[in-house]
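Subject: Structure for you to look at

Dear colleague,

I am passing on the structure we spoke about, and below it I have set out what was found. Please read the notes with the model open beside you.

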Amino acid sequence: MTNLYSLLFTSKINPDFEINSILNTIKELRAHNNKNNITGLMVFDGCNFIHFLEGEKNKIFELLNLMKNDLKQLDLEIRIEGELSNKRLFPTWSVGYSYDDDGEFMEIILNLKSKNLFVELPKHAIKLDLEP
Ligand SMILES: Cc1cc2nc3c(=O)[nH]c(=O)nc-3n(C[C@H](O)[C@H](O)[C@H](O)COP(=O)(O)O)c2cc1C
């Protein structure tokens with residue numbers, strides 16, 4: 001059985017780029033995640049991203065390295081990480097994306113303690129308006 005790992009991290013959009021330059025590639029990002037059996041969620045508030053990824057540990061860290069070298073985002077910071085003991089939180093979302101216009105989702109999630117993340121994140125994510 002593969003060990004499921006999860007990462008919650010934040011970053012800022014590089015002001016030299018528009019969010020659409022990232023969203024225009026979302027089909028490719030999803031295809032990459034599908035291929036590597038990575039699921040998760042990305043929320044943007046106009047300036048900051050909060051990103052949750054889950055999958056096989058080495059695949060997650062391979063992607064993290066690509067993302068750290070991606071000029072479109074800055075200040076990537078891991079907030080919570082750990083083994084997922086049970087099952088995936090977002091088994092059907094290869095990259096669920098939502099715009100959090102008032103930053104409320106981000107504030108709630110960043111204030112969670114790691115032990116509460118796996119319970120609370122899906123509860124709040126279900127209220128998001130996911131974009132195609
Ligand atoms: C905010 C943000 C989120 C991203 N999320 C993903 C993702 O979930 N999966 C993915 O494959 N690439 C994602 N990327 C793109 C990667 O950083 C990287 O550009 C992509 O994997 C292609 O890398 P390559 O062209 O070096 O192969 C994201 C980029 C940004 C800026």
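The shell around the ligand is made up, by class, of eight nonpolar, three polar and two charged residues. Please bear in mind throughout that this is a predicted model. Of the 13 residues around the ligand, the ones that come nearest are L29, H32, M67, D70 and K72, and the elements that give two or more residues to this shell are α2 (26-35) and α3 (57-68).

Turning to the sheet, six strands form an open arrangement with mixed pairing, in the order β4-β1-β3-β2-β5-β6. Because β4 (73-83) and β6 (130-131) each have a single partner strand, they stand at the edges, and one side of each is left without a neighbour in the sheet. The pairing of β6 with strand β5 (residues 96-99) is antiparallel and runs over two bridges, with E131 in β6 as the bridge partner of Y97. Helix α5 (residues 114-125) packs on the sheet, where it touches β1 (4-13), β2 (39-44), β3 (48-56) and β4, and its direction makes about 110° with that of β4.

Leaving aside neighbours within four places in sequence, N48 is in contact with T10, K12 and M106; the C-alpha atoms of N48 and K12 are separated by 4.4 Å, although the two residues are 36 residues apart along the chain.

Note on methods. Residues are numbered from 1 along each chain as its sequence is written. This is a predicted model: local features need pLDDT of at least 70, side-chain atom pairs count only at pLDDT 80 or more; totals for chains, interfaces and linings use all residues. A residue is near a molecule or strand if its C-beta atom, placed from the backbone, lies within 6 Å of it. Helices (H or I, at least four residues) and strands (E, at least two) are DSSP runs, numbered from the N terminus. Ala, Val, Leu, Ile, Met, Phe, Trp, Tyr, Cys and Pro count as nonpolar, Asp, Glu, Lys and Arg as charged, and the others, Gly among them, as polar. Two strands pair if DSSP finds at least two bridges between them. Two residues are in contact if their C-beta atoms, placed from the backbone, lie within 7 Å. Axes are lines fitted to C-alpha atoms, for helices over the stretch in contact, and angles run from 0 to 180 degrees between N-to-C directions.
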